[in-house]
Amino acid sequence: MDMNTSYRSAGSGGGMSSGGVIDGGTSPPTMPHQWERNTRTLVDSARKAQSLATQQRVMSFGTQRTTDETMLTDNRSSSTALQRQIQESESLKNRAEQQLEEILRETSLLEDEAAHAEATHEKMKDPLNVAEDNLAIRRKRPPREMTRDAVERALNEQVAGAKHSIRMLGGVLDACEKELARLKICREKLEEDIDQKRIALEVDNEALQMESGWAGDGQQSKRAQTVALPHMWRQRTENLCEECERSRATCERLRAKSRAIQQEAIAVERETREAALRALSRKMDETERLKAELEASVSNVSQEISTMEEARA
């Protein structure tokens with residue numbers, strides 16, 4: 001049986017149905033040249049698909065290599081940037097910690113100076129009260145003795161000097177209170193900045209050390225709920241340190257001014273007190289002399305009166 005007869009025999013089972021199928025359910029006969037052409041077409045299609053797949057695979061490998069190189073470059077860049085950021089944050093944190101130590105030391109010194117100024121302020125009230133009491137006592141002199149003599153001027157100067165010293169020391173105490181409040185604000189800002197720097201360093205170190213993704217211990221989410229982690233710029237810490245330095249310089253000048261005012265107050269009190277005592281001593285000596293002269297004059301007048309009465313008798 002030849003090929004054509006076999007194809008005819010295979011297709012004799014029934015008529016053609018819808019869709020190109022013979023009524024008996026078999027395919028229509030295919031010619032040998034059609035069968036060979038179909039096979040070649042399928043082979044060519046397979047070869048083209050294989051070629052496209054090879055090209056896609058080559059391109060995929062190239063893309064993967066480029067992506068890997070880009071990722072490595074980006075990782076190196078990010079690691080370098082993180083290292084620089086860590087070094088910078090560590091430097092700023094150390095500077096802020098140093099400023100905090102200086103602020104705490106300055107706060108202690110200013111508190112001690114304020115305590116000394118307050119003690120001197122209270123001490124100046126005693127000579128003021130004594131001088132005012134002396135003036136009140138001297139106002140009880142006889143009317144003829146109520147003169148604005150050197151003693152009264154010295155006592156008035158002592159009162160004025162004591163009041164001036166008390167007023168100046170009061171101003172020092174007010175300034176100390178204001179500067180202590182500013183130092184407290186600086187201390188709180190530094191503590192907050194140091195705490196944020198510490199947390200930022202922890203985050204950057206974790207980011208630098210991790211190999212893929214964040215650590216799965218859940219610490220970051222807990223920390224984010226309690227403490228804000230904003231990006232801390234260098235300028236903010238530098239401005240804060242400069243503000244603290246200005247405050248410390250102001251406190252140093254205030255402490256020097258307080259010491260000078262206290263020394264001046266003590267010196268003025270001593271000088272006015274000694275001047276009042278000298279004037280009082282001279283006044284007493286002069287009064288004793290005038291009293292003696294008056295008593296001598298009275299004695300002479302009495303003798304003269306007695307002599308004249310005897311002569312008249």
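**Entry 1: buried charges**

Buried means under 20% relative accessible area. I start with that cut-off because E106, at 0% relative accessibility, counts as buried by it. I should also note that I am working with a predicted model.

What does E106 pair with? I looked, and the side chains of E106 and R255 meet in a salt bridge, 2.8 Å from N to O. The two residues come from distant parts of the chain: E106 sits in helix α2 and R255 in helix α6, 149 residues apart. I checked R255 too, and R255 is buried, with a relative accessible area of 13%.

**Entry 2: other salt bridges**

How many salt bridges are there? My count comes to 16. I picked a few to look at.

E122 forms one with K125, and their closest N and O atoms are 3.3 Å apart. Here E122 is partly exposed, with a relative accessible area of 41%, and K125 is partly exposed as well, at 31%.

R187 and E191 make another, at 3.4 Å from N to O. Both lie in helix α4, four residues apart, which is about one turn of the helix. I find R187 partly exposed, with a relative accessible area of 24%, and E191 partly exposed at 37%.

I also came across a network of salt bridges that links R138, R141, D149, E152 and K283.

**Entry 3: the largest nonpolar core**

Next I turned to the largest nonpolar core, which has 31 residues. Which of them touch the most other members? They are I103, L110, C176, L190 and C244. Helices α2 (32-123), α3 (125-138), α4 (150-209) and α6 (234-312) are the elements that each give two or more residues to this core. Helix α4 gives the most, with 13 residues.

**Entry 4: cysteines**

A disulfide is a covalent bond between the sulfur atoms of two cysteines. My search of the whole structure finds zero of them.

C176 is in no disulfide, and the nearest cysteine sulfur, that of C251, is 8.2 Å away. C176 is buried, with a relative accessible area of 1%.

I then noted the surroundings of C244. C244 is buried, with a relative accessible area of 0%. Setting aside residues up to four places away in sequence, C244 touches Q99, I103, C186 and L190.

C186 is found in helix α4 and is buried, with a relative accessible area of 1%. Leaving out neighbours within four places in sequence, C186 is in contact with I103, E243, C244 and S247. I also took its spacing to L104: C186 and L104 are 82 residues apart in sequence and 9.9 Å apart in space, C-alpha to C-alpha.

**Entry 5: helix α3**

I wanted to see whether the length of α3 fits its residue count. At 1.5 Å a residue, its 14 residues should span 20 Å, and the end C-alpha atoms are 20 Å apart, which agrees.

Which residues of α3 are buried? I find P127, L128, A131, L135 and R138. Seen down the axis of α3, these buried residues fall within an arc of 105°, so they line one face of the helix. The face turned away from that buried side carries the exposed residues D126 and I137.

S165 has its place in helix α4. Is S165 buried or exposed? S165 is buried, with a relative accessible area of 4%. Not counting residues up to four places away in sequence, S165 touches M124 and A265.

G171 is in helix α4 too, and at 37% relative accessibility I count G171 as partly exposed. Where is S258 relative to G171? The two are 87 residues apart in sequence, and 9.5 Å apart in space, C-alpha to C-alpha.

Conventions:
Residues are numbered from 1 along each chain as its sequence is written. This is a predicted model: local features need pLDDT of at least 70, side-chain atom pairs count only at pLDDT 80 or more; totals for chains, interfaces and linings use all residues. Side-chain values use heavy atoms; hydrogens and water are left out. A nonpolar core is a set of buried Ala, Val, Leu, Ile, Met, Phe, Trp, Tyr and Cys residues joined through side-chain atoms within 4.5 Å. Buried means under 20% relative accessible area, exposed over 50%, partly exposed in between (1.4 Å probe, protein chains only). Contact means heavy atoms within 4.5 Å. The expected span of a helix is 1.5 Å times one less than its number of residues. The arc is that of the directions from the helix axis to the C-beta atoms. A disulfide is a pair of cysteine sulfur atoms within 2.5 Å. A salt bridge is a side-chain nitrogen of Lys or Arg within 4 Å of a carboxyl oxygen of Asp or Glu.
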